[in-house]
Amino acid sequence: MTVRGAAVVVDAYSTGSRLAPRFAAAGLPVVHVQSSPTLPGFYIRGFRAGDFVENVVHDGDLEATAARVAARDPAFVVVGAEPGVPLADALSERLGLPSNGSALSPARRNKNAMMEALRAAGLRAAEALKTADPAEAVAWAAARGGAPAVVKPLDSAGTDGVSICRDQAEIEAAFAALLGRRNALHGANEELLVQELLEGTQLFCNSVSWDGVHHVSEVWRDNKLRRGANFIYDYEELLSRHGEQQDQVVPYVEAVLDALGIRFGPAHTEVMLTETGPVLVESGARLHGSVPDGVVDRCTPSHQALTAEAYLEPESVARRAQQPYELAAGAYCVMLISQHEGLIVDDAGMREIEALPSFAGTINMLAPGDRLRKTIDLFSCPGFVYLVDPDRERLKADYDCIRELDAAGAIFQLEELVTF
């Protein structure tokens, strides 16, 4: 199938920045739409303006934005990063292009609406309460027998603001810290979600859909560590399509995509595999936000590659859905964990990491001149290191080496070193 017209990418940030070059290589002009005049700095820092023939900044007027995009004869609208999901839904719908539509847009961003959509579809969802009242949250937890609860923003990302609360005082402290404050995606936290603590193994699936057909292109096992009331990321491991855990999670994920109305384009879905089966953590109708395509492409076609392919050759999704993906190599995404704070004056320890046999690259890495903070969530992580190798024992050995350097504070030399 030959696609004609312009490719439109809404919020081409993070891993979404890699879509435009693929569309341009296919001969399409690429238009960028920025979903808001102000977006978090960690998104827009890496914006590649030269990849686009025009940058349209949306100021809230859908008709005006649609008119500017329509003038470019758009072939499709695809989202690049999380903040752009609602606008991509509305814009593609307004222009009569392949679209997930706007009716279920809130369920694809707001975690409470997401759980309600799952229940309406007869799928298992975490028990939860949306509220702005800490007393109501405390009463809800008490009614469940006083079991641990998780308090978190309704529409943020990563582990921003996610707190494990084991008693009334911790629930009240989480509300005091979060309620009414901006989250990492610039939401106001006018209400919070209090949710049962899901115990088990967390996995996530990257997928591409077309006209309701879903192809799960990657399954990763996500390992996190607890630090007091917070979760911090440890490492993610790319798994084969089939396995005991994957075979439980993938059918559930495909049902979640249906329940959330994700019929076209990419999705990133996180699931906790509990003793009684899979339960959704959250799903985003966008690309996986932390792994570069060049890393995954060494193992299996990446989320970016398959998303671009779907919009350029829609029949490819149904074809790929007929057979499981295969791995040419395994991969780890290792998040550095800082126990120190200070100004970085040297990163000589990175040379040791770069010399590891499976080293494949980094992103979001701090450098001399940056300030290192203690790691409490994804946004305070000093950097991501990627390992790729067919030998999983080699991956584990290189991961252990990174953790030893990290724990010893040997990666970064600081001007002022404070140990916690």
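Strand E2 (residues 30-34) pairs with E3 in the parallel sense, over four bridges; strands here are DSSP runs of at least two residues, helices (H or I) runs of at least four, both numbered from the N terminus, and two strands pair if DSSP finds at least two bridges between them. The model is a predicted one, with local features needing pLDDT of at least 70, side-chain atom pairs counted only at pLDDT 80 or more, and totals for chains, interfaces and linings using all residues. Residues are numbered from 1 along each chain as its sequence is written, and side-chain values use heavy atoms, leaving out hydrogens and water.

Val31 sits opposite Glu54 in E3. Axes are lines fitted to C-alpha atoms, for helices over the stretch in contact (heavy atoms within 4.5 Å), with angles from 0 to 180 degrees between N-to-C directions.

Elsewhere, His214 belongs to strand E10 (residues 213-227). With a relative accessible area of 10%, His214 is buried (under 20%; exposed is over 50%, partly exposed in between; 1.4 Å probe, protein chains only). The His214 side chain makes polar contacts with the side chains of Ser209, at 2.6 Å, and Asp258, at 2.7 Å. Such a contact is a pair of N or O atoms within 3.5 Å; within protein, one must be able to donate a hydrogen and the other to accept it, and residues adjacent in sequence count only if both atoms are side-chain atoms. Not counting residues up to four places away in sequence, His214 touches Val208, Ser209, Glu254, Leu257, Asp258, Ile262 and Ala321.
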